[in-house]
Amino acid sequence: MKIGIIIEREYLTRVKKRSFLLITFLAPIFFAALMFLPAILMTQAEKFDEKKTIAVVDESTMFIGKIDDTDFNTFIYLNDDIEDAKGLVKEGIYDGVLYIPATTLTVPTNAEIYSEKQIPMSVTSHIRSSMKNVVERQKMLASGIDPEIVKASATSINVQTIRMSEKDGEQKSFSEFEFFLGLFLAVIIYFVIFLFGAQVMRGVIEEKTNRIIEVIVSSVKPFELMMGKIIGIALVGLTQFLLWGVLTLAISGIASTFLPTQDVFSAGTIMNEPIAEMGVETTDSGTLTEIFEIINSINFKDILWCFILYFIGGYFLYSAMFAAIGAAVDNETDTQQFVTPISLLLVIPMVSSSLIATAPDSSFALWLSMIPFTSPVGMMLRIPFGVPIWQVAVSVAILYITFIVFTWLASKVYRTGILMYGKKVSWKEIFRWMKY
Amino acid sequence: MNFLEINNVSKSYGTKKVLNDISIKVPQQSIYGLLGPNGAGKTTLIRILNQITMPDTGQVLLNGNPLTPNDIANIGYLPEERGLYKKMKVGEQAIYLAQLKGMTKKEADKRLRHWFMKFGIASWWDKKVEELSKGMQQKVQFIVTVIHEPKLLIFDEPFSGFDPINVNLLKNEILELRDKGATILFSTHNMSSVEELCDNIMLINKGEKILEGSVYDIKQRYKNHSYDVVYRPFDGTGETHLTVNSENPNELISDIISKGELVSFNEILPSMNEIFINLVSSSNQ
């Protein structure tokens, strides 16, 4: 089969390009870096964070002994004058001095820290929350409220949304996770269609401007050439994604062995600290079990199948259109008037993503997931929320029928366009070619 | 025996008639010239032969049978608008194009290396096309056109872009291919090459056939009975050149030899160039 020869060329010439190799191997390093950089930075920052000793000059006397030492900071209470304490800091005996002036008010709300070097945020926030606790307790006692009762009455409420579906009985739903999963899949499809669809278009323009097209269509049918190109480039895309996946996993696997897990965890706790300070209690259920619950609640196998179906259908539909555009124009600058309206079709569901996610069963979302030009992205946004099987079936059927019709129309435009040089083509002209 | 027959082929694009009832017969192992001004319909006719476009009416017979997709392997086509993939290596690309004509990779490689040697371009095999000059690229294209040893070769303006040395090389190759059994159809504006190479020609203008026949017959048909005469008059005034129109050359000769000594007597035949210009401009009126 000659289409096989064409696919082979389209695939090999692209995969052997230096830019392909570069992007394929550099991107996973970038992805892995994105995953690990925060953790690495955290642990690194911690290492530089030596123990700090901070002197406290408390003229109000309210906070003496009330600011606890932490892993990184020790607080020493002085009876000295603030100016003397500053002198001690200059001598390097203390890293800083916390000065709480005496006030005429019953409760002091101001404090100052003097230091030679910048005092980390974590230290000031620790001081602030310690002082706040003391002051609040003081105020409660003054009003005759037992602080222990207040502490006991602190409650955190957990609201879980549970969706009722006929198949699996009741299921916990986690709409945020589903939104991001849908968005992630939709972005991949969107990205692939534009990235590789544009490659199809550029490939066709290249053949036209190189004037090689006539030699080739005297050997193969234009339809074979068009499909060979589309399939070849699809395989390039799949190869790239596969390599990205494998390499990212491999690199992050290697990287994680170099990072002591202990450090990564403690880095995580530091991040959580301010949240805990704000009074939000982490529930006993634990984040880990919650994640497992979310993962179990989603039918990944069905989602994967849908993703593959829409990925292929969407890519083929759009790249057939891109191929037709490439055939109709003489150079890349002329493509804009045709590409813009077509890209808009795909941008619509993308910009409506949050709208779809907040109401995945609205008629707007339904339409976007049925219209073949928007369904590859529209349906992906809906699918993690659970979509009735008949809707998926109808939408996929529409997509594939449109894909066949458009490929047929595109091949007509393609057949006429590739042999037409030096002519500015309009939409009207393109529609006329479809009738030939 | 006619290897290629085109019978009553017509083709329109929209309301524009590009080819109107064109018929030609190309005998086996001959060179057939397809002549005509720009926009006459030559390229459309050639594309029909290559099955790139289909005729509205009429048919094409190759070796007595209607054209089928399998005939692609029997036809070699060098289009006027020709090019190669710029980023691809020369050898790789030649193999690819040969494969599209139905050859196996191994066979294509073997024959291509032979041709590259013959043309003295073996060192280009691993070069990228963009590193080659236009003339060099044309050589590669010529090789690719003939590599699968097609029975019918179609050249559209084969000599454009070649220097005189390479034009000569190409002419010899074309004649050699014919002698080996190929039937050749070629379209050109270069009338001197038509006289040199073509056995038969057809002249089309605006989609209509306006002239057809062997080069010899056509020249005979369009001669205007003028003769180039050189003689030395008896009065000793030296050699005299004359261009004379006469319906009766014998009378003319006897007339001249009565006046002096005949040095040379040649019939002036019109060049294909003159015939071309005259016919096209008169059919345009």
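Predicted model: local features only at pLDDT ≥ 70, side-chain atom pairs only at ≥ 80, totals over all residues.

Modeller: What follows is a walk along one chain, part by part.

Residues are numbered from 1 along each chain as its sequence is written, while chains are lettered from A and ligands numbered from 1 in the order in which they are written.

Start with the division of the chain. Chain B has domain 1 (2-220) and domain 2 (224-268); such bounds come from an automatic or database domain assignment. The C-alpha centres of these two domains of chain B are 45 Å apart.

Now take the sheet with β1(B). Four strands form an open sheet in the order β2-β1-β4-β5 of chain B, with antiparallel pairing. (Helices are DSSP runs of H or I with at least four residues, strands are runs of E with at least two, and both are numbered from the N terminus. Strand β1 (2-13) of chain B runs antiparallel to β4 (57-62) of chain B, with five bridges between them. In one of these strands, β4(B), T57(B) is the bridge partner of S10(B). A helix lies against this sheet: α1 (42-49) of chain B packs on it and touches β1, β2 and β4 of chain B. Its direction makes about 60° with that of β2(B). (Axes are lines fitted to C-alpha atoms, for helices over the stretch in contact, and angles run from 0 to 180 degrees between N-to-C directions.)

Next comes helix α2 (90-100) of chain B. It is largely enclosed by the rest of the structure, because nine of its eleven residues are buried. (Buried means 20 or more other C-beta atoms within 10 Å of the residue's own; 12 or fewer is exposed, and in between is partly exposed, with C-beta atoms placed from the backbone.) Among the buried residues are V90(B), I95(B), Y96(B), L97(B) and L100(B). What covers them? The cover includes α3 (105-118) and α4 (134-146) of chain B, together with α1 and α7 of chain A. Just after α2(B), G102(B) has a positive phi of about 100°.

Chain A brings us to the contact between the chains. Chain B puts 17 residues into it, and chain A puts in 15. (Two residues are in contact if their C-beta atoms, placed from the backbone, lie within 7 Å.) On the side of chain A that touches chain B, α1 (2-15) and α7 (213-217) of chain A each supply at least two residues. That side of chain A has seven nonpolar, four polar and four charged residues. (Nonpolar covers Ala, Val, Leu, Ile, Met, Phe, Trp, Tyr, Cys and Pro; charged covers Asp, Glu, Lys and Arg; the others, Gly among them, are polar.)

Back in chain B, look at a hairpin. Strands β9(B) and β10(B) form it, with two residues between them. K206(B) sits in the turn, with a positive phi of about 50°. Six bridges join β9(B) to β10 (208-214) of chain B, and the two run antiparallel. Within the pair, I201(B) stands opposite G213(B).

One residue here deserves a stop. N205(B) belongs to β9 (200-205) of chain B. Why does N205(B) count as buried? Because N205(B) has 21 C-beta neighbours inside 10 Å. Leaving aside residues up to four places away in sequence, N205(B) touches G36(B), P37(B), A40(B), I210(B), V280(B) and S283(B). N224(B) is 19 residues from N205(B) along the chain, and their C-alpha atoms are separated by 23 Å.

Finish with another sheet. It is open and has three strands, in the order β12-β11-β13 of chain B, with antiparallel pairing. β12 (240-245) and β13 (260-268) of chain B are at the edges; each has a single partner strand, so one side of each lacks a neighbour in the sheet. Neighbouring strands of this sheet are turned by 25° against each other on average, direction ignored. Eight bridges link β11 (226-233) of chain B with β13(B), in the antiparallel sense. There, S226(B) stands opposite I268(B). Helix α8 (249-257) of chain B packs on the sheet and touches β11, β12 and β13 of chain B. The direction of α8(B) makes about 155° with that of β13(B).

Note on methods: Pairing = 2+ DSSP bridges.
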